[in-house]
Amino acid sequence: MKKEAISMLYESVKHRVSCDIDTFEKALKEWEIVPLMQEDKVIGAVMLKENEIHVGYGMKPLGSIKKHIQQTLNTIIKNYGYAVTYVDKTNQKGIKFCKRLGFIIGHEVGDKISMRCDRSNYV
């Protein structure tokens with residue numbers, strides 16, 4: 001299931017990365033990968049490393065899967081006090097998604113924007 005989840009993550013970012021899926025998978029070896037499921041099928045994944053979180057979908061969810069993300073996000077906040085993520089400056093859809101979850105924009109880090117969440121909007 002982890003390999004399927006990584007494949008879905010790759011599908012969500014392959015237009016922004018300059019590597020093949022094998023290189024992508026090797027780059028994630030230190031990350032925890034939590035599959036996002038819908039109707040017993042992997043449609044995406046949450047990547048975790050300490051209090052850093054990233055979400056990616058290879059297939060568009062048919063319904064809301066915010067409870068899966070909420071559980072993970074709330075666990076991070078409980079354990080670390082806050083969660084962080086980084087979103088490409090040009091990825092307005094990703095920035096809006098993070099804002100809906102409760103992240104606020106921080107500072108620019110190269111071509112990315114740092115975002116921080118002290119409290120999930122979906123408690």
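Modeller: Let's start from aspartate 88, which is buried, its relative accessible area being 14%; here buried means under 20%, exposed over 50% and partly exposed in between, using a 1.4 Å probe on protein chains only. Before going further: this is a predicted model, in which local features need pLDDT of at least 70 and side-chain atom pairs count only at pLDDT 80 or more, while totals for chains, interfaces and linings use all residues. Residues are numbered from 1 along each chain as its sequence is written, and side-chain values use heavy atoms, with hydrogens and water left out.

Back to aspartate 88: this residue belongs to strand β4. Helices (H or I, at least four residues) and strands (E, at least two) are DSSP runs, numbered from the N terminus. Leaving out residues up to four places away in sequence, aspartate 88 touches Arg16, Ile95, Asp111 and Lys112, where a contact is heavy atoms within 4.5 Å. Aspartate 22 is another matter: 66 residues separate it from aspartate 88 along the chain, and the two C-alpha atoms are 22 Å apart.

Now for the nonpolar packing. The largest nonpolar core holds 18 residues, a core being a set of buried Ala, Val, Leu, Ile, Met, Phe, Trp, Tyr and Cys residues joined through side-chain atoms within 4.5 Å. Val46, Ile53, Leu73, Ala83, Phe103 and Met115 have the most contacts inside it. Two or more residues each come from β2 (41-49), α3 (66-80), β4 (83-88), α4 (92-101) and β6 (112-117). Helix α3 gives the largest share of this core, with four residues. As a general point, nonpolar side chains in soluble globular proteins tend to be buried together.

Beyond the residues up to four places away in sequence, leucine 73 touches Ala83, Leu101, Phe103, Cys117 and Ser120. There is also a second, separate core of 13 residues, among them Leu9, Val13, Leu28 and Ala45.

Threonine 72 counts as buried because its relative accessible area is 15%. With residues up to four places away in sequence set aside, threonine 72 touches Val46, Leu48 and Ile53. Two of those names, Val46 and Ile53, are also on the list of residues with the most contacts inside the largest core.

Over in strand β2 we find methionine 47, which is buried at 12% relative accessible area. Its list of contacts, again without residues up to four places away in sequence, runs to Leu9, Leu28, Trp31, Glu32, Ile33, Glu52, Ile53 and His54. Leu9 and Leu28 from that list are also members of the second core. Valine 34 is 13 residues from methionine 47 in sequence, and their C-alpha atoms are 6.4 Å apart in space.

Then there's cysteine 117, the residue that leucine 73 touches. Cysteine 117 counts as buried because its relative accessibility is 0%. Its closest cysteine sulfur is in cysteine 98, 9.2 Å away, so the pair is too far apart for a bond. A disulfide requires two cysteine sulfur atoms within 2.5 Å, and the count by this rule is zero. Cysteine 19 is partly exposed, since its relative accessibility is 25%.

Not counting residues up to four places away in sequence, lysine 99 touches Ile105, Met115 and Asn121, and Met115 is one of the core residues with the most contacts. Glycine 44 lies 55 residues from lysine 99 along the chain, with 19 Å between the C-alpha atoms.

Aspartate 40 sits between β1 (32-38) and β2, and glutamate 50 between β2 and β3. Aspartate 40 is exposed because its relative accessible area is 78%, and glutamate 50 is exposed as well, at 59%. Neither is a glycine, yet phi is positive in aspartate 40, at about 60 degrees, and in glutamate 50, at about 55 degrees.
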